[in-house]
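Let us read a protein model together. Keep the picture in view as we talk.

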Amino acid sequence: MPELAIVPLGESVRGRELVFRYETAFYYDPVLRESPEGWTLTLERKPFPAPVTKQFTDTLLSSWLEEPQVFAAQADGRDLGYLELSHERWNNRMRINNLWVAEGLRRQGIGAALMARAEYAAQAAGARALVLETQSCNHPAISFYRRQGFALTGLDLTAYSQTDVEKQEVRLEFARPVPYEKEAL
């Protein structure tokens, strides 16, 4: 692969649609048990009967984002991936709104390079954590985020619809603390 550069993009990408498509063989099934002593929640990894292809579309620089930033991973003048961030000032976290790598170019370090840029942006903003969401059926993304040091911090059983559990598309929240450079302290 030619040399990869991560470059900031401006307003020219506002409204650009990204088509997210992935194949998954597993999902995480939330199992909630209630007793007089409290609740127990587990996420059990289960296989789909056959691999499933999922697809959805999102738009860059949506008006509801706080202080959005977009970066492209480029090589030979081509955009190979995008990273969209927003600084949630109320709790001082940097949210990864979108991380997209072109099909056929995944598992080549582009996503990791974009994540490194996210960490740098979070450090520069003084954010205390990087946060993101994905669906319980997006096993490839969950595996990637775990390799990047993210931990599960929560879930929402009705974020997308009243039937998220039945669709195996429960919203999962992941986070990782932002390490601060010694010089910045």
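Q: Which residues are linked in a network of salt bridges?
A: A salt bridge is a side-chain nitrogen of Lys or Arg within 4 Å of a carboxyl oxygen of Asp or Glu. Here Glu88, Arg93, Arg95, Glu133, Arg171 and Glu173 are linked in such a network. Before we go on, note that this is a predicted model, where local features need pLDDT of at least 70, side-chain atom pairs count only at pLDDT 80 or more, and totals for chains, interfaces and linings use all residues. Residues are numbered from 1 along each chain as its sequence is written, and side-chain values use heavy atoms, with hydrogens and water left out.

Q: How many salt bridges does a search of the whole structure find?
A: The search finds 12.

Q: What does arginine 171 meet in salt bridges?
A: Its side chain meets glutamate 133 at 3.1 Å, N to O. Arginine 171 lies in strand 9 (residues 171–177) and glutamate 133 in strand 7, so this pair ties together parts that are 38 residues apart in sequence. Strands and helices are DSSP runs, numbered from the N terminus: helices are H or I with at least four residues, strands are E with at least two. The side chain of arginine 171 also meets glutamate 173, at 2.4 Å, N to O.

Q: Is glutamate 173 buried or exposed?
A: Buried means under 20% relative accessible area, exposed means over 50%, and partly exposed lies in between (1.4 Å probe, protein chains only). Glutamate 173 has 13%, so it is buried. Arginine 171, at 21%, counts as partly exposed. Glutamate 133, at 29%, is partly exposed too.

Q: Which parts of the chain does the pair of glutamate 103 and arginine 21 link?
A: Their side chains meet in a salt bridge of 2.6 Å, N to O. The pair links distant parts of the chain: glutamate 103 sits in the loop between strand 6 and helix 1, arginine 21 in strand 2, 82 residues apart. Glutamate 103 is partly exposed at 45%, and arginine 21 is partly exposed at 31%.

Q: What is the volume of the largest pocket?
A: On a 1 Å grid over the protein atoms alone, a pocket is an open set of points with protein on both sides within 12 Å along at least five of seven lines; lining residues have an atom within 4 Å of a point. Volume is the space filled by probe spheres set on the points. The largest pocket here has about 1200 Å³. Of its 46 lining residues, the closest to its centre are Phe20, Leu99, Asn138, Ala141 and Tyr145.

Q: Which element gives the largest share of that lining?
A: Strand 6 does, with 7 residues. Other elements that give two or more residues include helix 1 (110–125) and helix 2 (139–147).

Technical notes: On a 1 Å grid over the protein atoms alone, a cavity is a set of points where a 1.4 Å probe fits but cannot get out, and a pocket is an open set with protein on both sides within 12 Å along at least five of seven lines; lining residues have an atom within 4 Å of a point.
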